[in-house]
Structures are given as structure tokens and as C-alpha cells.
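This report walks through one protein chain. Please look over its sequence and fold before reading on.

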Amino acid sequence: MLLDLTAAFDTVDHDLLMLHLGRQFGIHGVTFEWFRSYLQGRLFHVIYGGSTTAMVHIVCSVPQGSVLGSHLYILYKADLAKVVKKYDVSIHAFADDTQLCRHCFRYEMAATVVRLELCLEQVSHWMSANHLKLNADETELLWAGSKYSQLSLGSKGLPLQIGSDTVTATDHVLVLGVTFSADLSLDKHVSSICASCFFWLR
């Protein structure tokens, strides 16, 4: 399952981030103050056509596109691993890309759905407490298995319920630029790469 967060980098709370850095990661003294000075006191304005907007104080977020911004975001949501671990769910994260994984047999799919829904409920609560928002509309679900298991399944798999939103299963997902299909083949990814190469070569 691929989780999508709404404006993830832009909603990082500076005070909560500094609290995590101090309590969870033991950053104190000069290093702590360096991080504080890096985050706080930022300003921005827009210049367009010779006109300049008023100066705006940035009270949250980490700089997107910077190396340090991605690392700080990872540290900010490090506690999320503890939340999902309680439900025997694996988590893989890179910057704002987060995947939840759980192995199960076909006859365990219904029980796995219940477990994942409970896990996602707690994840949603954790995100709200940390000023992040789970975007159910862009969250993707993939039931992966062999071609035989996909044929015997007869569909893309059971859907998940996140609050009032329903996440239906798909037959492929894009993870860090790589397309993974439900049958664990890379055929769709190879086709996509070939099509892109053909377009640019042509």
C-alpha cells in the first residue's frame, strides 16, 4: 500500500520537529540551536512583472528539494514505524514516499484487510497529531502475487476503507520511478521505458 500525504513537506511543524530532534534523537546544545536557526525565521515574497508581494513569515515546513529538508522530514515521521509495528505491518519510507506491506495467503486476505484498516486508522490519528494529512484519494493499494495467484484471485483484490473513503486495489503502482505489477513482473515498466525512449529518439 502506497500512502499519499497532502503537502507533506509544507506542513512540518517546526516546534514538533525540534521536540523530536531533542527527545528522540538526543540532539542538544550547539547542534540543536543550529537546526533551530536553519528552520526558523524564514521569509519569502514573490516578484512578478516588476511588482513585489508583501513579505510572508514561514512558520512551518522544511525546504523541499534540499538534502537536509528530506532528512529532517524522515526524522519528523520516524515515530510512524512504531505505530505500524503494533499491527505486524512493515513500513518502507523514502522522503515523503511511504509504503506499508504485509505478507498473507489468499485465505487470509479478509483478516489482512481488517488489520490494515485498524493500522491505517492509527496512522491517520498519528498524522493528525503531527499536523500531517493522509490523502485517501491518492493512496494506492496493490495485492501482489504470482501470476497463478492473480488468476485464481479473479480480480484486483479486496478494497480498503479509510474513514469514509474506499481505496480500491489497482493492478500496478509506481514506486520511486519503477512500475510494479500485481503479478510481480516488470513488463509494464519495461514497456513504459521503451515507449519513453522511442518518443525521445524519434
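Which residues are exposed on the other side of helix 5? They are Ala111 and Ala129. Exposed means over 50% relative accessible area, buried means under 20%, and partly exposed lies in between, with a 1.4 Å probe and protein chains only.

This is a predicted model, in which local features need pLDDT of at least 70, side-chain atom pairs count only at pLDDT 80 or more, and totals for chains, interfaces and linings use all residues. Residues are numbered from 1 along each chain as its sequence is written, and side-chain values use heavy atoms, without hydrogens and water.

**Overview**

The protein has 202 residues, and 35% of them count as buried. Its C-alpha trace spans about 60 × 50 × 30 Å along the principal axes. The secondary structure comes to 7 helices and 13 strands. Helices (H or I, at least four residues) and strands (E, at least two) are DSSP runs, numbered from the N terminus.

Confidence is given as pLDDT, the predictor's score for each residue, from 0 to 100. The mean pLDDT of the protein is 89. Of its residues, 97% reach 70 or more. Among the elements, strand 3 (residues 47–48) has the highest mean pLDDT, 94. Helix 6 (residues 147–153) has the lowest, 68.

Helix 5 covers residues 109–129. At 1.5 Å a residue, its 21 residues should span 30 Å, and its end C-alpha atoms are 30 Å apart, which agrees. The expected span is 1.5 Å times one less than the number of residues.

The buried residues of helix 5 are Met109, Thr112, Val113, Leu116, Cys119, Leu120, Val123, Trp126 and Met127. They cover an arc of only 140° around the axis, which puts them on the same side of helix 5. The arc is taken from the directions that run from the helix axis to the C-beta atoms. Just after helix 5, His131 takes a positive phi of about 60°.

The largest nonpolar core has 42 residues. Such a core is a set of buried Ala, Val, Leu, Ile, Met, Phe, Trp, Tyr and Cys residues joined through side-chain atoms within 4.5 Å. Met1, Leu3 and Met127 have the most contacts inside it. Two or more residues each come from helix 1, helix 2 (29–39), helix 3, helix 4 (80–85), helix 5 and strand 9 (160–162). Helix 5 gives the largest share of this core, 8 residues.

Gln99 lies in strand 7 (residues 97–101) and counts as buried, at 14% relative accessibility.

**Aromatic rings**

How many aromatic pairs does a search of the whole structure find? It finds 5. Rings of Phe, Tyr and Trp (its six-membered ring) pair if their centres lie within 6.5 Å; planes under 30 degrees apart count as stacked, over 60 as edge-to-face and the rest as tilted.

The rings of Phe9 and Tyr73 have centres 4.9 Å apart and planes at 25°, so the pair is stacked. This pair links distant parts of the chain, 64 residues apart. Phe9 is in the loop between strand 1 (2–3) and helix 1 (14–23), while Tyr73 is in helix 3 (residues 67–76). Both Phe9 and Tyr73 are buried.

The rings of Phe199 and Trp200 have centres 5.1 Å apart and planes at 80°, so that pair is edge-to-face. Phe199 counts as exposed, at 57% relative accessibility. Trp200 is exposed as well, at 68%.

Ring pairs also link Trp34, Phe35 and Tyr38 into a cluster. The charged end of Arg42 sits over the ring of Tyr38, 4.8 Å from its centre. For this, NZ of Lys or CZ of Arg must be within 6 Å of the ring centre and within 35 degrees of the ring normal.

**Loop residues**

Ala182 is in the loop between strand 13 and helix 7 (187–201). Ala182 counts as buried, at 8% relative accessibility. Ala182 and Trp143 are 39 residues apart in sequence, yet 6.0 Å apart in space, C-alpha to C-alpha.
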